[in-house]
Amino acid sequence: RSGGALLFSSVSLIPGRRKAWRTRLRPALLVVRALALLLLITALARPQVVRASEISAEGIDIAIVLDVSGSMSTAGFGRGNVTKLDGVKRVVRDFVGGLKNDRVGLVIFGSDALLLSPLTLDHKAVQELTAPLESGRLVGGATAIGTGLATGLNVLRDSTAKSKVAVLLTDGENNSGQITPADAAKAARLLGVRVYTIGAILASERQRGAVPVNESELRDMAESTGGHYFSASDETALRQIYDDIALLERTRIGVRTEYASYEDVMLPFLLAGVLLLVLEVLFGLTLLRRTP
């Protein structure tokens, strides 16, 4: 059977007749709806503006090299008859905590050397790594001063700072490792690293004439690189030494960015999306209405 048909007149059949402006603008409603949906989706994503502040980090790069050999368990380094290592740990934690823009790396040594932290501005992390240290653990009970310094130099090798410092503390003579203290000092001189050496010598040890540290060797190591040798008999003296080292020449080592605040900016997108939806419905029912 043939289907039914209905003939009707249409102005589009008239040759040369232009489309009315309302007909031409009607497709714009789809564009308005698409923009509205895009704005609403953006609002749902909760966009934020990050207000950041750039802070110039001026300081020095410091490699802290600590002796944790068995002899560092000797008591009498401060009040309460604390051991050398316990006193050193307290001083180092306070020293690192007082820094602001200086990058710090941490190395421990005994029979061997171990890198605990590369250069970082996260001073709290270095403090936490220092707290659990025990003498004679992890790296053995002997004293490899040359190996310890060489490991500290490896931390500073790629540093771009003009002032690079290695602070080495020990309470014994070099009796282990394949790198001699003299060779390590030569490497420091080639890398432009100033070495500061500290001998942890109790007052009672010096009075008995039983100084366990080869002070002349430590002094030569430091002075050959432009640094100094210090002797610390207790916690107070050691604290002063680290404070003096903290007054070294500062140099620009880079810029770090601190994000100060976050501000939500979803409201403008939400309002704009709702407004476009309202306009699309409004014009669709009035000026750009389609009939029938």
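Buried residues, meaning those under 20% relative accessible area with a 1.4 Å probe and protein chains only, make up 37% of the 292 residues in the chain. This is a predicted model, in which local features need pLDDT of at least 70 and side-chain atom pairs count only at pLDDT 80 or more, while totals for chains, interfaces and linings use all residues. Residues are numbered from 1 along each chain as its sequence is written, and side-chain values use heavy atoms, with hydrogens and water left out.

**Overall fold**
- The chain has 10 helices and 8 strands, which are DSSP runs numbered from the N terminus (helices: H or I, at least four residues; strands: E, at least two).
- Of the contacts (heavy atoms within 4.5 Å) with a separation of 6 or more, 82% are between residues 24 or more positions apart.

**Helix H8**
- Glu 215, Leu 218, Met 221 and Ala 222 are buried in helix H8 (residues 215–223).
- These residues lie on the same side of H8, because they cover an arc of only 125 degrees around the axis; the arc is that of the directions from the helix axis to the C-beta atoms.
- The cover over the buried residues of H8 includes helix H5 (145–156), strand E5 (164–170) and helix H6 (181–191).
- Strand E6 (193–200), helix H7 (203–208) and strand E7 (229–232) are also among the elements that cover them.

**Helix H10**
- Val 274 belongs to helix H10 (residues 266–285).

Note on methods
Buried means under 20% relative accessible area, exposed over 50%, partly exposed in between (1.4 Å probe, protein chains only).
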